[in-house]
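Here's a quick tour of some side-chain contacts in a protein model. Have the structure open and follow along.

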Amino acid sequence: MKPSDSKATLSFSDGSPSVEFPIYKGTIGPDVVDIRKLYSATGKFTYDPGYLSTAACESKITYIDGDKGELLYRGYPIEQLATNCDYLETCYLLLNGELPNVQQRAEFVSTVTKHTMVHEQMHFFLRGFRRDAHPMAVMVGLVGAMSAFYHDSMDINDPKQREISAIRLIAKIPTLVAMAYKYTIGQPFIYPDNELSYTANFMRMMFAVPAEKYKSNEVLVRALDRIFILHADHEQNASTSTVRLCGSSGTNPFAAIAAGVACLWGPAHGGANEACLTMLEQLNANGGVAKVGEFMEQVKDKNSGVRLMGFGHRVYKNFDPRAKLMQETCKEVLAELGLEKDPLFKLAVAMEKIALEDDYFVSRKLYPNVDYYSGIVQRALGIPTSLFTGIFALARTVGWIAQWNEMIADPEYKIGRPRQLFTGAAPRNVKPIAQR
Ligand code: CMC
């Protein structure tokens, strides 16, 4: 954090003395006004619900320029990572700050691969869930439960233990997601195969059955790997901020990541891909492309409570670079599977076209986000809708753990404790019940 030459001065119309605050510069992006002394100097808080103007931490991991539609992991554009690297290289980058060389890559892949199995007792824990439980409900439970299984990597003050926890989470979450899926469909769990790549192994654990030989399709493996890269981190989004806030109390990493999984589940965040596909399926069943105009009128009507899922973003106000890559991936997957005429894809394209030309969306700067096409790709890969957010959680785990690790290693880190503007009752006395 570099101090800027300029300072910010806050003045008050009630005669209170004005206060000066330092300004810091990042490498790129907006400067920040350091208001940490605001309360002690003035007795006042800032008010910023939804954190529209608040930088909650200093970070070196991911940078987004929402106006330019730019997303950088450790300085590298997402487009270059998605086309030149695989997911595990991206994980290494997010965790360590640099892309691995050949030897570092081989060691990292080998370490992650050796941690893919989960404690056998996890199977019995999983069996306690109802078969029709939502996979995200199961994931919140399973990830939190990891803290009951891996006691030897929970000292957050030991960097080596933090590293082991990071590897365990990245390696085991695919196994847990696949187990959660197999459980809901009543098929036997498939153990990891360490001969396969990270993503090919995940697909095998999802789709193989013991009775048949399973063969990976490289185009589909590459598509899912790209989905993982595109979702790997996204700066201080809701679930990452949840992980940081939860982890700021000093809790163990598995508990903090479980909090992130819970937050991700919501339809305004990771649940959007599931909600988007459900929206497309419903529209397809109720008239398809012919009914798009009518549906869009509902979306624009504030009283309808209907949103165009997969559209809009708090940060991207021009385009979401991940959405472009996802649309390309979508076309590749549909072509590989001979599904070029997929009705949901056609519907999505028709709706996107209308939205991009409609003043409602243009004036509010609403564009397709990463989730708009990701549901169509995942459905084509054979992933059930209810598991989409689980896939997102799998991919985002590395971002959560990298951000958590950065926070714990920061000597300035403190427990997160926002304040409030209280508008409830002023102090009053309890009356005896007969007088109330
Ligand atoms: N459909 C219709 N109207 C919308 C939409 C949408 N998808 N998104 C925003 N608006 C309108 C909203 O009604 C508001 O209009 P007005 O100014 O007239 O009141 C305006 O646009 C600004 O919306 P907001 O809710 O104040 O914006 P936000 O920055 O708080 O919300 C968002 C961002 C992503 C939650 C929101 O755009 C949304 O709900 N989108 C649909 C859900 C979705 O696709 N989420 C995935 C986000 S990307 C993946 C991830 O990071 O998890």
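Is Arg 36 buried or exposed? Arg 36 counts as exposed, because its relative accessibility is 55% and the cut-off for that label is over 50%. Keep in mind as you read that this is a predicted model.

## Arg 36 and its partners

Arg 36 has a salt bridge to Asp 34, and the closest N and O atoms of the two are 2.9 Å apart. Asp 34, for its part, counts as buried, because its relative accessibility is 12% and buried means under 20%. So this salt bridge runs between a buried Asp 34 and an exposed Arg 36.

## Other salt bridges

The count of salt bridges comes to 19. Take Glu 357 and Lys 353, whose side chains meet at 3.6 Å, N to O. Both sit in helix α15, 4 residues apart, which is about one turn of the helix. Glu 357 is exposed, and Lys 353 is too.

Now look at Asp 342 and Arg 379, which form a salt bridge at 3.3 Å, N to O. This one links distant parts of the chain: Asp 342 is in the loop between α14 and α15 (343-357), while Arg 379 is in helix α17 (residues 371-381), 37 residues apart. Asp 342 is buried, with a relative accessible area of 8%. Arg 379 is partly exposed, at 32%.

## Aromatic pairs

On to the rings. The structure holds 14 aromatic pairs. One of them is Tyr 87 with Phe 228: the ring centres are 5.3 Å apart and the planes stand at 65°, so this pair is edge-to-face. The cut-off behind that label is an angle over 60 degrees. Tyr 87 belongs to helix α3 (residues 87-96) and Phe 228 to helix α9 (residues 218-230), so the pair ties together parts that are 141 residues apart in sequence. Tyr 87 and Phe 228 are both buried.

Phe 311 and Phe 361 make another edge-to-face pair, because their planes are at 70°, with the ring centres 5.8 Å apart. Phe 311 is in the loop between α13 (292-300) and α14 (321-336), and Phe 361 is in helix α16 (residues 359-363), so this contact ties together parts 50 residues apart in sequence. Again, both Phe 311 and Phe 361 are buried. They also belong to a cluster: ring pairs link Phe 311, Phe 345, Tyr 360, Phe 361, Tyr 372 and Tyr 373.

## Charges over rings

The charged end of Lys 44 sits over the ring of Phe 12, 4.8 Å from the ring centre. Over the face of Tyr 39 you'll find Arg 419, at 5.9 Å from the centre of the ring.

## A lysine in a loop

Last stop: where is Lys 114? Lys 114 is in the loop between α4 (102-113) and α5 (121-126). Lys 114 is exposed, with a relative accessible area of 66%.

Definitions and conventions
Residues are numbered from 1 along each chain as its sequence is written. This is a predicted model: local features need pLDDT of at least 70, side-chain atom pairs count only at pLDDT 80 or more; totals for chains, interfaces and linings use all residues. Side-chain values use heavy atoms; hydrogens and water are left out. Rings of Phe, Tyr and Trp (its six-membered ring) pair if their centres lie within 6.5 Å; planes under 30 degrees apart count as stacked, over 60 as edge-to-face and the rest as tilted. Helices (H or I, at least four residues) and strands (E, at least two) are DSSP runs, numbered from the N terminus. Buried means under 20% relative accessible area, exposed over 50%, partly exposed in between (1.4 Å probe, protein chains only). A charge sits over a ring if NZ of Lys or CZ of Arg is within 6 Å of the ring centre and within 35 degrees of the ring normal. A salt bridge is a side-chain nitrogen of Lys or Arg within 4 Å of a carboxyl oxygen of Asp or Glu.
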